[in-house]
Amino acid sequence: MSEELKLSKDYFGFKGSFSMDIDQCEIHYEDRLSNENLYSACKTNEIVQIITKNKLSDMKINDNDLFLAGYIWGNDDREKIILNSLKNAVIQKDFEFIRSINGQFSGGVVGNNSLFLFRNPLSQKNIFYLIKNSTLYFSTSFMDLVDGSIDFDEVALSSLCWGENVLPFKGIGILKEGEFLTFNENGLHIEVFDRLYFEEPFRGGKIDTLTAEFKELFSASVISKVSHYQSAGLMLSGGIDSGAVVGALSYKEYDLGRLFTYTWGSQKYTSCNDFKYVDKILHMHKFNNNYIDVGNFEHIDMLDMCSEIHFPSNHCLISWWMEAANLARYHNNACMISGLMADTLLDTNNLRPQAVGLNLRERLHLFFHGAGVPYYNYFKKAYSSHSDINFNGVDNRGIDIFTEKSKQNISTFLKSPYNVFNLQYLTLDHTVFYENEVIHFSPYIDRDVQIFAHSLQDIFKRVPFQGKDISKPILRAGFLNELPREVCSRVSKSNFEEVIFKYVDMNRRKILSIFRDSNLVQFGIVDYDNLEKVFNNRDLLELNAGTILISGMIELWVNGIRKRRRRSYV
């Protein structure tokens, strides 16, 4: 199969089955870019996207055959070395070699009467698997494993309707980041081969030194991923996460005339008006910015776009992502950068400290002397209680439309180590960027950046100051010379709750008709009487608008699955 390997501007994934009974393995590769000329025209020196076919195809897999999905960062010579060596490294479980590859990839090898699947710790390409009758089915899309015999997990489905990242089916496993799966006559075995950063010692030192070091690593990550594209797209808000990308490009003297940015906002809804911050960046740097009016409901219908969606969308902003991807394709941008994962990487990921719990002396002591003490443990009293789940309607996600059983299911999910994955990334890949032939990546998902950030102590990730807690201080301080002060110091986030509430309120008849006699009502997740009561109470509607919209999208998706199942039985 190695002769079939191609390099393309678009990567996607794979699916297949490996049987111990009939001694064969079938792998399917998917890529809807069927124009052969597109491959050579868009190949780059710095980014290698691995895929095997230019259309959906079936093939028998022989021993030592390799299949991959994702990115490998490097030049052409390194790519050849990797492809020639990775097969044997996987079969021999040479984890040191696999760990040495800088990229975001998942893949597998068939050899020694075994199937080996692996996922490097940076990969956003999930591998899902299911065992039936001595056969292991696997795919980078869990929908490939869904058939008439797969049942919904009601706890997970309830949580999905509330906007959580969770797989809503029973019996499907997920290969986690840094895990290696072996399947043969001895059964299935999973082991950890790369945890990337957990064994790294904590970094100490002065914050100025750490800030300079992080700035260099982050800027190198950004420039290595965009410099070989003719142009690049960026989802630019008025915050530091995406703003730092502009700062890094400027710092590395990238031609910003090749940069196209896309900003959500609305002059009508001031709570989500990022335009004023982006205008300040534009005043400092010249690039091609495009404003997307999130209040233009006549142009974008959040529910209509979900009627034929292949994946469940648990994100209220999915339609605006699609609008940005459409514009990127119009501008001939091959890639789209975002600031996704910045909070996960550079914030403490603990509950937010309450300013009332820290006096001035404690804040100053933490700032100057706290480097040796984990942030949470040092000021444990400043944090909210872990014991109770607080359903306070953040992002309009109240729970008043659910049944009592569904509310309990959500609480059970939040209090248990459920098998969570990044549904947002998967949905964006399948529904938004893949359909528009655009590659999406975040510079925060880079091996060197991740290793550095995860070795930082929490004191360098969140600092109490003047009654507020300042997140990501190293990122903010790093680009003070390249970005406006207002952007570097901004700690508030855009609030889209007003827009979501307005959309739900305007479309109440359509939404009620979606839920009347719906699957979610039949499953005992949504209580239709409660839903009507919420629509008749403005305060409750404002509190629950996000939940209503997400649940509506999930209902349309579930209904599509059940229709396909009924057609398959005819």
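Select Ser221 and Pro443. A polar atom of the Ser221 side chain lies 3.1 Å from the backbone oxygen of Pro443. That is a polar contact: a pair of N or O atoms within 3.5 Å, where within protein one must be able to donate a hydrogen and the other to accept it, and residues adjacent in sequence count only if both atoms are side-chain atoms. The model is predicted, so local features need pLDDT of at least 70 and side-chain atom pairs pLDDT 80 or more, while totals for chains, interfaces and linings use all residues. Residues are numbered from 1 along each chain as its sequence is written, and side-chain values use heavy atoms, without hydrogens and water.

Stay on Ser221. Ser221 has a relative accessible area of 3%, so it is buried. Buried means under 20% relative accessible area, exposed over 50%, and partly exposed in between, with a 1.4 Å probe and protein chains only. Now show its surroundings. Setting aside neighbours within four places in sequence, Ser221 is in contact (heavy atoms within 4.5 Å) with Pro443, Asp446 and Val449.

Ser221 lies in α5. Helices (H or I, at least four residues) and strands (E, at least two) are DSSP runs, numbered from the N terminus.

**From α5 to α14**

Select α14, residues 447-454. How do α5 and α14 cross? Their axes come within 9 Å and cross at roughly 155°. Axes are lines fitted to C-alpha atoms, for helices over the stretch in contact, and angles run from 0 to 180 degrees between N-to-C directions. The two helices are therefore roughly antiparallel. Angles under 35 degrees count as roughly parallel, over 145 as roughly antiparallel, 65 to 115 as roughly perpendicular and the rest as oblique.

Show the side chains where they touch. From α5 come Leu210, Glu213, Phe214, Leu217, Phe218 and Ser221; from α14 come Asp448, Val449 and Phe452. This contact has six nonpolar residues, one polar and two charged. Ala, Val, Leu, Ile, Met, Phe, Trp, Tyr, Cys and Pro count as nonpolar, Asp, Glu, Lys and Arg as charged, and the others, Gly among them, as polar.

**Around α14**

Is α14 mostly enclosed or open? Six of its eight residues are buried, so α14 is largely enclosed by the rest of the structure. Colour the buried ones: Arg447, Val449, Gln450, Ile451, Phe452 and Ala453. Their cover includes α3 (95-99), α5 (207-226) and α9 (342-346).

Go to the N-terminal end. Asp446 caps α14 there, with a side-chain oxygen 3.1 Å from the backbone nitrogen of Asp448. Then pick Ser455, in the loop between α14 and β19 (462-465). Its relative accessibility is 1%, so Ser455 counts as buried. The Ser455 side chain reaches the backbone oxygen of Phe452 at 2.7 Å.

**Back to α5, then α6**

Select α6, residues 240-251. Its axis is 9 Å from that of α5, and the two pack at about 85°. They are therefore roughly perpendicular. Lys215, Glu216, Phe218, Ser219, Val222, Ile223 and Val226 of α5 meet Ala244, Val245, Ala248, Leu249 and Tyr251 of α6. Nine of these residues are nonpolar, one is polar and two are charged.

**Zoom out**

Show the whole protein. It has 21 helices and 20 strands. Of its 570 residues, 58% count as buried.
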